[in-house]
Amino acid sequence: MAAERINGKQIVAEIREQISQEVQSLKDKGIQPGLAVVLVGDDPASAVYVRNKAKSCADVGIHSEVYRLPAETSQSELLQLIGKLNADSHIHGILVQLPLPAHINEDAVIDAISPDKDVDCFHPVNVGNLMIGKPGMLPCTPAGVIEVLKKIGISIEGKHAVVVGRSNIVGKPMAMLLLRENATVTVCHSRTPNMEEITKQADILVVAVGRAQMIEARHIKPGAVVIDVGMNRLDNGKLTGDVHYDDAAQVAGYITPVPGCVGPMTITMLLQNTLQAAKNKASQA
Ligand SMILES: Nc1nc(=O)c2c([nH]1)NC[C@@H]1CN(c3ccc(C(=O)N[C@@H](CCC(=O)O)C(=O)O)cc3)C=[N+]21
Ligand SMILES: [Mg+2]
């Protein structure tokens, strides 16, 4: 039996509709949520994401500003801009697009963002709060994956969730969010020798490694939910995930397409975090 293709577009549309309504009710109180996106250098792929983010903000009524800085921008110039955005009362969220050019220390830049405005949830304070289960900003891609599972009616509690990949951006926070939802969590990575044995035990398999189509039917337990976080550009210009879709779909119960699910959900969670940051500030005022 073929897997059900998870309809990312529909889930994204539902959540964005709700965000729009909440943005409108904040605007009625005189507050417009604002997001600043900072792009250093002119990587063409990054430029596409930045454009998508700006358009998505406009669609839900969030104010957005894009700062395009030349690749040779110094670290201190970038830190100065972040300081300015931290102090700007119209800006509730700050996203500095990663990776940064090699001469800039990413940790120093992330540390400089006010944790209240850290809509990526990359600042150590927010990562720490996530780890100990305190309320706060949630990382966009992992939060989007949890939303997808909830929207399609998958219960996470007691399930064996296997995460492939251990990056600070996806794998590690993904494992933490699944644990918060009471899954039994296993993390596999490049030094895991018997990966197929482990992924085959997963009720929920989340793949975030950045290797095109590495997960095949043989890695998957029949009926499992497979969430593909990968976004790999092929030589023909097409985007493909870390999961071999057609092969995996013969075994999985549910599967996410690439493009069309995790990417747009990530942007949706960014909008949600920006709204949340604006609401937090309004309630403090
Ligand atoms: N500080 C920071 N935060 C990020 O969240 C961040 C970042 N840096 N650096 C780059 C990556 C990449 N990223 C994407 C988000 C959505 C899509 C997306 O919407 N993709 C569409 C397709 C896009 C296409 O067709 O090119 C999809 O999957 O359907 C892509 C890429 C966020 N990133
Ligand atoms: Mg996708």
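1. A quick definition before anything else: a residue is called buried if 20 or more other C-beta atoms lie within 10 Å of its own, exposed if 12 or fewer do, and partly exposed in between, with the C-beta atoms placed from the backbone. By that count Gly165 is buried, because 23 other C-beta atoms sit within 10 Å. Arg166 counts as partly exposed, with 18 C-beta neighbours inside 10 Å.

2. Some housekeeping. This is a predicted model, so local features need pLDDT of at least 70 and side-chain atom pairs count only at pLDDT 80 or more, while totals for chains, interfaces and linings use all residues. Residues are numbered from 1 along each chain as its sequence is written, and chains are lettered from A and ligands numbered from 1 in the order in which they are written.

3. On to the overall layout. The domain assignment (bounds come from an automatic or database assignment) gives domain 1 as 30-116 and domain 2 as 140-262. Their C-alpha centres lie 28 Å apart.

4. Residues 6-120 are 50% helix and 16% strand, with end C-alpha atoms 24 Å apart. For residues 139-281 the figures are 36% helix and 17% strand, and the end C-alpha atoms lie 19 Å apart. Helices (H or I, at least four residues) and strands (E, at least two) are DSSP runs, numbered from the N terminus.

5. Now the 3-stranded sheet. It is open, with parallel pairing and the order β3-β2-β4; two strands pair if DSSP finds at least two bridges between them. β3 (63-69) and β4 (93-96) are the edges, each with a single partner strand, so one side of each has no neighbour in the sheet. From one strand to the next, the twist averages 15 degrees. That angle, like others here, runs from 0 to 180 degrees between N-to-C directions, with axes being lines fitted to C-alpha atoms (for helices, over the stretch in contact).

6. Let's zoom in on β4. Strand β2 (residues 34-40) pairs with β4 in the parallel sense over 4 bridges. Ala36 stands opposite Ile94, and Val37 has Leu95 as its bridge partner. Gly93 and Leu95 point one way from β4, Ile94 and Val96 the other, and all are buried. Helix α3 (residues 75-87) lies across β2, β3 and β4, at about 175 degrees to β2.

7. Which residues of α5 are buried? In this helix (residues 124-131) they are Asn126, Val127 and Leu130. Seen down the axis of α5, these fall within an arc of 100 degrees, so they line one face of the helix; the arc is that of the directions from the helix axis to the C-beta atoms. Pro124 and Gly128, on the other side of α5, are exposed. The cover over the buried residues includes α7 (171-180). Just after α5, Gly133 has a positive phi of about 80 degrees.

8. Next, the 6-stranded sheet. Its order is β1-β11-β8-β7-β5-β6, again open and with parallel pairing. The edge strands, β1 (4-5) and β6 (184-188), each pair on one side only. β5 (residues 160-164) and β7 (residues 204-207) run parallel and are joined by 4 bridges, with Ala161 opposite Ile204. α7 packs on this sheet, touching β5, β6 and β7, and its direction makes about 170 degrees with that of β6.

9. UniProt's unreviewed entry places a "binding site" at Gly165, Arg166 and Ser167. Gly165 is in the loop between β5 and α7, and Arg166 is found in that loop too. What does Gly165 contact, leaving aside its neighbours within four places in sequence? Val170, Gly171, His189, Val207, Ala208 and Val209, where contact means C-beta atoms, placed from the backbone, within 7 Å. Arg166, not counting residues up to four places away in sequence, touches Gly171, Lys172, Val187 and His189.

Conventions
Two residues are in contact if their C-beta atoms, placed from the backbone, lie within 7 Å. UniProt positions are given in the numbering used here, feature names are shortened, and annotations may be inferred rather than shown by experiment.
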